[in-house]
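Look over the sequence and the structure below before reading on.

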Amino acid sequence: MFESFEDVPLITVLFSALTALYMFMFQNVLYYEILPEPSFKNLIMAYFMWFIMAFSLKMFIIDTDEFDIIDVLTRGPLLGFVIYLAINITLYSVMPDVWTASLMSADILWGMALFSIVTFIIYTFKEFGWMS
């Protein structure tokens with residue numbers, strides 16, 4: 001089922017670049033009260049999480065025998081929903097005064113969109129032969 005790690009770094013970069021763009025656009029709207037000061041440790045932990053997300057996407061969706069546009073439209077957003085739901089339920093349970101239900105909802109929607117976009121990009125790369 002899982003072929004190799006060769007595409008995981010590229011997928012990790014896609015997750016990080018799109019998240020950086022999202023945070024740039026929405027940090028002052030949604031996250032202004034809770035974002036910590038940037039640090040090397042925070043960046044390393046973020047990249048570790050993006051790597052886990054990339055590995056999950058590759059293992060459970062991209063490396064399946066029938067990776068197609070249906071996966072882009074269904075399984076990509078579903079995996080984003082499951083991962084971001086788990087993250088947000090945890091944050092909401094340990095920081096209920098800070099991590100509000102509306103913030104949780106917005107973040108889960110972002111996770112679904114992020115996984116949809118990355119899955120579509122990888123699908124496009126594979127369709128054009130830019131990726132194995």
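The points below describe a predicted model, grouped by topic.

**Helix α2**
- Helix α2 covers residues 40-62, which is 23 residues.
- From its first C-alpha to its last, α2 reaches 31 Å, close to the 33 Å expected at 1.5 Å a residue.
- Several residues of α2 are buried, among them Trp50, Met53, Leu57 and Ile61.
- The buried residues of α2 pack against α1, α3 (69-73), α4 (75-94) and α5 (101-127).

**Salt bridges**
- Side chains of opposite charge can pair when their charged atoms come close.
- The count of salt bridges comes to three.
- Asp7 and Lys58 form a salt bridge through their side chains, at 3.2 Å from N to O.
- Asp7 lies in the segment before α1 and Lys58 in helix α2, so this pair ties together parts that are 51 residues apart in sequence.
- Asp7 counts as buried because its relative accessibility is 7%, under the 20% cut-off.
- Lys58 is also buried, with a relative accessible area of 2%.
- The side chain of Lys58 also meets that of Asp63 in a salt bridge (3.0 Å, N to O), and Asp63 is buried.
- Asp71 and Arg75 form a salt bridge at 3.3 Å, N to O.
- Asp71 is buried at 6% relative accessibility, whereas Arg75 is partly exposed at 31%.
- Shared partners join the salt bridges of Asp7, Lys58 and Asp63 into one network.

**Surface**
- Phe5, Phe40, Ile44, Met45, Phe48, Phe51 and Ile52 make a nonpolar surface patch of about 730 Å².
- Phe5 is found in the segment before α1 and is partly exposed, with a relative accessible area of 48%.
- Pro38 lies in the loop between α1 and α2 and is exposed, at 76% relative accessible area.

Key. Residues are numbered from 1 along each chain as its sequence is written. This is a predicted model: local features need pLDDT of at least 70, side-chain atom pairs count only at pLDDT 80 or more; totals for chains, interfaces and linings use all residues. Side-chain values use heavy atoms; hydrogens and water are left out. Patches are made of residues with over 30% relative accessible area and no salt bridge: like charges are joined within 9 Å, nonpolar side chains (Val, Leu, Ile, Met, Phe, Trp, Tyr) within 5 Å. Accessible areas come from the Shrake-Rupley method with a 1.4 Å probe; for residues, only the protein chains shown count as cover. A salt bridge is a side-chain nitrogen of Lys or Arg within 4 Å of a carboxyl oxygen of Asp or Glu. Helices (H or I, at least four residues) and strands (E, at least two) are DSSP runs, numbered from the N terminus. Buried means under 20% relative accessible area, exposed over 50%, partly exposed in between (1.4 Å probe, protein chains only). The expected span of a helix is 1.5 Å times one less than its number of residues. Contact means heavy atoms within 4.5 Å.
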